[in-house]
Amino acid sequence: MFYREAGQFKTTYQSDSALFPILQDKIGVLVGLAIFFLAIPLVATPYLFSAILIPFLIFSLAAIGLNILTGYAGQLSLGSAAFMAVGAFATYNFMLRIPGKPILVAFILGGISAALVGIAFGLPSLRIRGFYLAVTTLAMQFFVLWCLTKIPWFTNYSPSGVIRAQQVVILGYVFDSQVSRYLLTLSIVSLMALMAKNMVRTNLGRSWMAIRDMDVAAEVIGFRPLQTKLTAFAISAFYCGVAGALFAYTYLGTVEPEAYSLDLSFRILFMIIIGGMGSILGSFLGAAFMTLLPIGLNMFVHHFSLPMTLASNLELMTFGSLIIFFLIVEPHGLARLWQIGKEKLRLWPFPY
Amino acid sequence: MNVIFFIEVLIGGLLSGVMYAMVALGFVLIYKASGVFNFAQGAMVFFAAATCLGISETLGISIWWAILPTILVMIALGLATERIVLRPLVNQNEITLFMATIGLTFFLEGLVQALWGSHAKALDLGIEDIPLSYVLDNYNIMISQFDLISAAVCALLVTVLTLLFSHTKTGRALRAVADDHQAALAVGIPLQRVWGVVWAVAGIVALVAGLLWGARNGVQFALTFTALKALPVLILGGFTSVPGAIVGGLIIGASEKLAEVYVGPLVGGGIEGWFPYVLAMLFLLVRPEGLFGEKLIRRV
Amino acid sequence: MSGSSKLDTDEVILDMRNISLSFGGVKSLIDVSFDLKKHEVRAIIGPNGAGKSSMINVINGIYRPQKGEIIYHGKSRKSMHPYYAASTGIARTFQNIALFRGMSVLDNIMTGRNLKMSSSMLMQALYWGPVQKNEAKHRRKAEEIIDFLEIQHIRKTPVNRLAYGLQKRVELGRALAAEPEILLLDEPMAGMNVEEKQDMCRFILDVNDQLGTTIVLIEHDMSIVMELSDRVLVLDHGSKIADGGPVEVRNDPQVIKAYLGSN
């Protein structure tokens, strides 16, 4: 009854293609944004920010990045963590070597560096496809990490290989409190998510999906496969790069290669499988799930006084079985379940 | 360049390549029969080794006696995987199946560590890792006795499997299924049972690989990801070829060691981590179907 | 419905000369030559495996012939490239539907507009005024096609949920969205019932009449061939065995022999 769209007629194509055509959706999103931007900073504890909210936002951004490449463009990638690492290290080096650089610009440059690496990752896609391409991304993941670990220039010749990220200072304001970091991350992620949503509903998004679904037909319509794939790689890497920089600057506080291991690549992949491939909302849902589950399991293990190591093993088992579960039952993940829920709500309370 | 040293490194590489080949063998079996890239093969190796060790420790028996119950466990695991994971996804595309096996990998890892603990353990097969005295004395080359026995075991395994496939009814059924699922169904071959057999056999191969690797490097979590190295092996050797898996393994093992020893010091070492993958990638650019694989013709 | 009275010129827009195509040892096309005149409906018929789809794939650039020449827009080339074909006005449908399964009907048809669109990436990300207007403009065009093909009720449905016949119609829509000069239809009515076939015929004729699109049509149903086409090319085992008006071809003894008893 509350969610019906009867009476809401679109009179122009523009309004029909709008991001949130149903009024209730519009209101929902505005309320959500208000909560995130205004309410939460007032009530949340620093722990909530640092352990849940900030990582959630960062992973959502990385998940959007991977979703663009794997979910929309259909190129399975196991190297998203490497993109994040490039973003982080590039940002660090830009800040270090070019004095007086605004950090936001450094973030963007970090993203662009990651995008360039992404294009390099994507070049083999001209000849190699599907599973083989995934193995290629694996090669790149290992190689990039090795470079960042072994080539001392990247870490500014630090003996331990772990470097402190510079402080985030914008227009004289130092972002060192949890709240400020949260708001900065929230702003960046919201903006980039909006841009991503726009990209996927225009010709760019359609070109990705066309290549994913049937690349021969796509070519025949005039989509250029290599260009489309490389664009997907580049934009995906950009998103992951910025996420990686945020990971270092607003969460970890350090820039270290170990944080961007193969394990992280897999986690991001799991986020989009569980959350929903080919869905921006799904990226958020998957990231939320991935962030909250370990905490939930920890609490569960604690409550039943089981050994702590069990929690991390249960985590692995749960993720593994959920992947399989979602692939079997609902390949479009939580996002689809959300959609189905909304559709049921539309008919409520008349479900005929 | 010291020739003796080179030969040592080469042979060492070849023999470690044999290990990779054994993991790759499990991959090939499953792919040949069901078209699935079983990412979880490495986890199965880990699971097999840990279970064998765990059973031997819990029951206080030697590793060799523990092998039999472990075989049963691996068969059960294989059948369960086929039933629970693969059967529901049988019509999906290969990427979906691949991702399911990634999920399986993580599940198995969590399970193994939950059951048997997560610290590295030593596995003693009673075969020592010492140089063959004969070769050492006469030719001054160090070849590990253990490695040689591994190679022999691998050769035996391949022979047994090959004989199994060509001379038994089950083996014939397996080959039919590998060739053409629909045709095999039409002839009345019980597809699912065959797949169950394949996964069980792959599980046993994983056990052999796990025992040998575990004895060499200890049974630990890292085993799963070291097994990822089997992927470049498969790319070189093709996903459907048993001899390809062997040749691919040898090439990867040898080149990885040689690169590490000769090129490594120039660039700070640690090349082993990515060299096989980059090699495979370069290879793919030239020959996207692998050395022995079948060329794909896509019809519109 | 056929007849040369509607052809205002005898202008040849596509000339395929001595096309030979083989895969490994299999000879798919052997020295086939034919031409295509502006505004006509050209049928390609022949028993299964005759090489009809292969010929269309050659026109389109999916296959490259080993021998022969393609003369299009006055230029001679050894083979076509799919992008070039698409950008110079050739569109097609596929025998085994090649729709983009993850997208809705509307989106699939919008993809057909790809080459007509020109927006930079950054602009699309910001979805500014110009991009919005652009999208709406192309949406309008897509909606015209949706109206024409009478599929308004399913425009937002994901294509993989549609019945076979409707999917074929959507594929036609996607090809039409490109506003092509030449439309290649590979068995557009396969698997349809009588009603659906009638509808499809109507659409094809309308496209040819109202839009002036030249059509190359692979079709098995002889009655449809008779009804729709101006000229017919007959292939058998890769070679051309007849080429002419539908009545003439139908009575050709070689053609009758090739089909041996059908129709």
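Helix axes are lines fitted to C-alpha atoms over the stretch in contact, and the angle between two of them runs from 0 to 180 degrees between N-to-C directions. Helices (H or I, at least four residues) and strands (E, at least two) are DSSP runs, numbered from the N terminus.

This is a predicted model, in which local features need pLDDT of at least 70 and side-chain atom pairs count only at pLDDT 80 or more, while totals for chains, interfaces and linings use all residues. Residues are numbered from 1 along each chain as its sequence is written, and chains are lettered from A and ligands numbered from 1 in the order in which they are written.

**Exercise 1. Two helices of chain A**

Task: Describe how helix α11 (residues 262-275) and helix α13 (residues 308-329) of chain A pack.

Solution: 
- Step 1. Start with the geometry: the axes of these two helices lie 9 Å apart, and the angle is about 40 degrees.
- Step 2. Name the arrangement. Angles under 35 degrees count as roughly parallel, over 145 as roughly antiparallel, 65 to 115 as roughly perpendicular and the rest as oblique. α11(A) and α13(A) are therefore oblique to each other.
- Step 3. A crossing is left-handed if the near helix is turned anticlockwise from the far one by less than a right angle, and right-handed if clockwise. The crossing of α11(A) and α13(A) is left-handed.
- Step 4. Find the residues that meet. Two residues are in contact if their C-beta atoms, placed from the backbone, lie within 7 Å. From α11(A) come A:Phe270, A:Ile273 and A:Ile274, and from α13(A) come A:Phe319, A:Leu322, A:Ile323, A:Phe326 and A:Leu327.
- Step 5. Sort them by class. Ala, Val, Leu, Ile, Met, Phe, Trp, Tyr, Cys and Pro count as nonpolar, Asp, Glu, Lys and Arg as charged, and the others, Gly among them, as polar. This contact has eight nonpolar residues, no polar and no charged ones.

**Exercise 2. Another partner for α11(A)**

Task: Work out how helix α3 (residues 46-72) of chain A is placed against α11(A).

Solution: 
- Step 1. The two axes come within 9 Å and cross at roughly 75 degrees.
- Step 2. α3(A) and α11(A) are therefore roughly perpendicular to each other.
- Step 3. On the α3(A) side, the residues in contact include A:Phe59, A:Ala62 and A:Leu66. On the α11(A) side, A:Ile268, A:Leu269 and A:Gly275 are among them.
- Step 4. The class count gives eight nonpolar, four polar and no charged residues.

**Exercise 3. Chain A as a whole**

Task: Which helices and strands does chain A have, by number, and how do its radius of gyration and burial come out?

Solution: 
- Step 1. Chain A holds 14 helices and four strands.
- Step 2. The radius of gyration is taken over C-alpha atoms, and the globule rule is 2.2 Å times the number of residues to the power 0.38. A compact globule of 352 residues would have a radius of gyration near 20 Å, so the 21 Å of chain A agrees.
- Step 3. The C-alpha trace spans about 70 × 55 × 45 Å along its principal axes.
- Step 4. A residue is buried if 20 or more other C-beta atoms, placed from the backbone, lie within 10 Å of its own, exposed if 12 or fewer, and partly exposed in between. In chain A, 51% of the 352 residues are buried.

**Exercise 4. Chain B against chain A**

Task: Which elements of chain B supply at least two residues each to the side that touches chain A?

Solution: 
- Step 1. Chain B has 13 helices and zero strands.
- Step 2. The contact takes 37 residues from chain B and 33 residues from chain A.
- Step 3. The elements of chain B are α4 (94-116), α11 (230-237) and α13 (275-286). The most comes from α4(B), with 17 residues.
- Step 4. By class, this side of chain B has 26 nonpolar, nine polar and two charged residues.

**Exercise 5. Chain C against chain A**

Task: Which helix of chain C gives the most to the side that touches chain A?

Solution: 
- Step 1. Chain C has 10 helices and 10 strands.
- Step 2. Its contact with chain A takes 33 residues from chain C and 26 residues from chain A.
- Step 3. α5(C) gives the most, with six residues.
- Step 4. The side of chain C that touches chain A has 18 nonpolar, nine polar and six charged residues.
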